[in-house]
Amino acid sequence: MKVTAIGTGYVGLVTGACLAEMGNHVVCLDVNEEKIRVLNAGEIPIHEPGLLEVVRRNVAAGRLQFTTDVDLAVNHGTIMFIGVGTPPDEDGSADLQYVLAAARSIGQRMTDYKVIVDKSTVPVGTADKVREVIAEELTKRGLSDMAYAVVSNPEFLKEGAAVEDFMKPDRIIVGSEDEQATLLMRALYAPFTRNHDRLVVMDLRSAEFTKYAANAMLATRISFMNEMALLAEKVGADIELVRRGIGSDPRIGYSFLYAGAGYGGSCFPKDVKALIRAAQGEGIPLRVLSAVEEANERQKMLLVDKVVARFGDDLAGRHFAVWGLAFKPNTDDMREAPALVIVQELLRRGATVAAYDPVAMPEAKRLLAGAAGLQFCERAEQALEGADALLLVTEWKEFKSPDFDAIKSSLKQPVVFDGRNQYEPALMKALGIEHWGIGRGQTQH
């Protein structure tokens, strides 16, 4: 099939590359000339495990190309994915200007039947707006009778595992009210569901809502466990043991039950805010989700609160090592990352910080440029040198089993603030390390 993907961020690039991997001919369009230059040079503008190899393989095979030429891209694809950004507006609602601009470009150029697919996370009713924009442009061109369809096909890709998620989906949601479009979408996704049909067809608005509801549920689980961790710490329970206990209930399961320093990234914070704002517009206060958001903002300050409890309010003259800056492992994404809040608050209180992340250093340097008292380190061990304590913020694999003797000898005093509960309190006590976890009933301090 001939496919066009508009946008070369996480959604558009992964979608385009993975569809090309299955034999489709894909053109990826972006108005950002630098992104296209990087892609045409054989690199990718994001860090995503396995993606570079898929891109290079399919470019070499002639199935995948990148362009800023809108005419070429619109003329190429029968199925056209819109995978552009939907950043939060000032009031928290999703900004649809890029989605509607992409739809307008299609309407201004299409000459035959197209299936326009909303792949970006968009509010309920966006498909109607996309349809209206395209209809307006076709009418201006005297082509109001030209057939086309708008489909909602939300992405469910985890950053750091996006390629695997696309190639082996647990479900594919297709919102479609056009029989021909539904058949084309079934054919496009058939190679991904051959062993077991995971494609679920529903109406457009339900498909749009499904994405938001899924992310809101996952965010809720995280904030719920973080709140339980706060209480567990006070009453002497160990949240890790509690997690195993409740996770063994098949009605609950183990996913997204890890207490920590709060969630971040491009999806959960933005989508929770957008859903709250959409509900306000309908006169329905979403009290649970409002609490989820509030709890998460508080959780991002928890490690700093623990540092203050240990070292006092005034951190002038204190120096801290921070391991992990990305909002999660296996990505360089720092949008809404807890590390940003933690580092900036430590600096505000007068401390200096030495930070390290295996992948996100360039992005961290961009976001924290000019921050006085902040040093970026090339190695994890370098960040430890002369620090009063270590703060583990992102659970990269290389931090899971570190050289604890080296940690003890490099730090001024053996103090670790474990923001992801990577280390067992009993082991840390045996090693002579003062350990501050999240909701660990036996935390030593």
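This is a predicted model: local features need pLDDT of at least 70, side-chain atom pairs count only at pLDDT 80 or more; totals for chains, interfaces and linings use all residues.
1. Six strands make up an open sheet whose order is E11-E10-E9-E12-E13-E14, and the pairing is parallel. Strand E11 (374-376) and strand E14 (434-436) stand at the edges with a single partner strand each, so one side of each has no neighbour in the sheet. From one strand to the next, the twist averages 20°.

2. The pairing of E12 with E13. Strand E12 (residues 389-392) pairs with strand E13 (residues 415-418) in the parallel sense, over 3 bridges, and within this pair Leu392 stands opposite Asp418 of E13.

3. Helices on the sheet. Helix H13 (residues 302-311) packs on the sheet, where it touches strand E9 (319-323), E12, E13 and E14, and its direction makes about 155° with that of E13. Helix H14 (residues 338-348) also packs on the sheet, touching E9, strand E10 (352-356), E11 and E12, with a direction that makes about 160° with that of E10.

4. Burial of H13. Of the 10 residues of H13, 7 are buried, so this helix is largely enclosed by the rest of the structure. The buried residues are Leu302, Leu303, Val304, Lys306, Val307, Val308 and Phe311, a list in which the reader may wish to look at Lys306. After the helix comes Gly312, whose phi is positive, near 100°.

5. The cores. The largest nonpolar core has 61 residues, and those with the most contacts inside it are Phe320, Trp323, Leu325, Leu346, Leu391 and Phe417. If neighbours within four places in sequence are left aside, Leu391 is in contact with Leu303, Val307, Phe320, Ala321, Val322, Trp323, Ile342, Leu346 and Phe417. Another core, of 41 residues, lies apart from the largest one and includes Ile36, Phe81, Ala181 and Leu188.

6. Strand E5. In strand E5 (residues 114-118), 5 of the 5 residues are buried, so the strand is largely enclosed by the rest of the structure. Lys114, Ile116 and Asp118 point one way from E5, whereas Val115 and Val117 point the other way, and all are buried. Strand E4 (residues 79-82) pairs with E5 in the parallel sense over 4 bridges, and Ile82 has Asp118 as its bridge partner in E5.

7. The contact of H11 with H12. Helix H11 (residues 268-281) and helix H12 (residues 287-299) have axes that come within 10 Å and cross at roughly 145°, and the crossing in which H11 passes H12 is left-handed. On the H11 side the contact is made by Val272, Lys273, Leu275 and Ile276, and on the H12 side by Leu289, Ser290 and Glu293. These residues divide into 4 nonpolar, 1 polar and 2 charged.

8. Phe256, in the loop between helix H10 (239-247) and H11, has a phi near 55°, a positive value in a residue other than glycine. Because its relative accessibility is 29%, Phe256 counts as partly exposed. Asn330, found in the loop between E9 and H14, has a positive phi near 65° and is likewise a residue other than glycine. At 32% relative accessibility, Asn330 counts as partly exposed.

How values were computed:
Residues are numbered from 1 along each chain as its sequence is written. Side-chain values use heavy atoms; hydrogens and water are left out. Axes are lines fitted to C-alpha atoms, for helices over the stretch in contact, and angles run from 0 to 180 degrees between N-to-C directions. Helices (H or I, at least four residues) and strands (E, at least two) are DSSP runs, numbered from the N terminus. A crossing is left-handed if the near helix is turned anticlockwise from the far one by less than a right angle, and right-handed if clockwise. Contact means heavy atoms within 4.5 Å. Ala, Val, Leu, Ile, Met, Phe, Trp, Tyr, Cys and Pro count as nonpolar, Asp, Glu, Lys and Arg as charged, and the others, Gly among them, as polar. Two strands pair if DSSP finds at least two bridges between them. A nonpolar core is a set of buried Ala, Val, Leu, Ile, Met, Phe, Trp, Tyr and Cys residues joined through side-chain atoms within 4.5 Å. Buried means under 20% relative accessible area, exposed over 50%, partly exposed in between (1.4 Å probe, protein chains only).
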